[in-house]
Amino acid sequence: MKRPFSWDNQIDVSSSSNSNAFIKRAEMYQDYMKQIPIPSHRGSVIPFTSWMGLGRSIKQLYGQPLHYLTNILLKQWDQLRIGSEDEYKPLDNMIHPCKAEATIWLVEEIHRQTSSPFHIASLWQVDPMYNGFIDSIFPTLVHTS
């Protein structure tokens, strides 16, 4: 069975056991990430030289994982700088640390709340190193009844 998306890309969610395993893992991952609340207060201004460095600092400061898609995006943002005239200039000299952190948390909220497990599974299937972008931080979740 194929699940169509609005931009006409289709992800094969056929009955192959490998595909189903990725989908099941992605569903569990996405459900878990949805349960982690975005921090409502900021700890302090975090100096940073790269997007991935800021992401690592945020994870350490807040004790929270960042979504797989956020980690991939931070890597892409760093790669976009390669070859630019400001490639070696610390990012916190160009973008205020509070704005950069707020941007990451906004993107994180979007990824946690709206990402399709089918899309995540399709990315994992083609990336043998996807586990490197899944954080191993497991915060204690408070369940409200």
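## Helix packing terms

The angle between two helices is taken between their N-to-C directions and runs from 0 to 180 degrees, with axes fitted to C-alpha atoms over the stretch in contact. The model described here is predicted.

## Overall make-up

The chain contains five helices and two strands. Along the sequence these elements follow the order β-β-α-α-α-α-α.

Of the chain's 145 residues, 39% count as buried. Among contacts between residues at least 6 apart in sequence, 75% join residues at least 24 apart.

## Helices H3 and H4

Helix H3 covers residues 68-80 and helix H4 covers residues 97-114. They pack at an angle of about 140°, and their axes lie 9 Å apart. H3 and H4 are therefore oblique to each other, and H3 passes H4 in a right-handed crossing.

On the H3 side, the contact is made by Leu69, Thr70, Leu73, Leu74 and Trp77. H4 contributes Thr103, Ile104, Val107, Glu108 and His111. By type, the residues of this contact divide into six nonpolar, three polar and one charged.

## Helices H2 and H3

Helix H2, residues 51-62, also packs with H3, at an angle of about 145° and with the axes 7 Å apart. Here H2 supplies Trp51, Met52, Gly55 and Lys59, while H3 supplies Asn71, Leu74, Lys75, Trp77 and Asp78. The residues of the contact of H2 with H3 comprise four nonpolar, two polar and three charged.

Leu74 and Trp77 of H3 take part in the contact with H4 and also in the contact with H2.

Terms used
Residues are numbered from 1 along each chain as its sequence is written. This is a predicted model: local features need pLDDT of at least 70, side-chain atom pairs count only at pLDDT 80 or more; totals for chains, interfaces and linings use all residues. Side-chain values use heavy atoms; hydrogens and water are left out. Helices (H or I, at least four residues) and strands (E, at least two) are DSSP runs, numbered from the N terminus. Angles under 35 degrees count as roughly parallel, over 145 as roughly antiparallel, 65 to 115 as roughly perpendicular and the rest as oblique. A crossing is left-handed if the near helix is turned anticlockwise from the far one by less than a right angle, and right-handed if clockwise. Contact means heavy atoms within 4.5 Å. Ala, Val, Leu, Ile, Met, Phe, Trp, Tyr, Cys and Pro count as nonpolar, Asp, Glu, Lys and Arg as charged, and the others, Gly among them, as polar. Buried means under 20% relative accessible area, exposed over 50%, partly exposed in between (1.4 Å probe, protein chains only).
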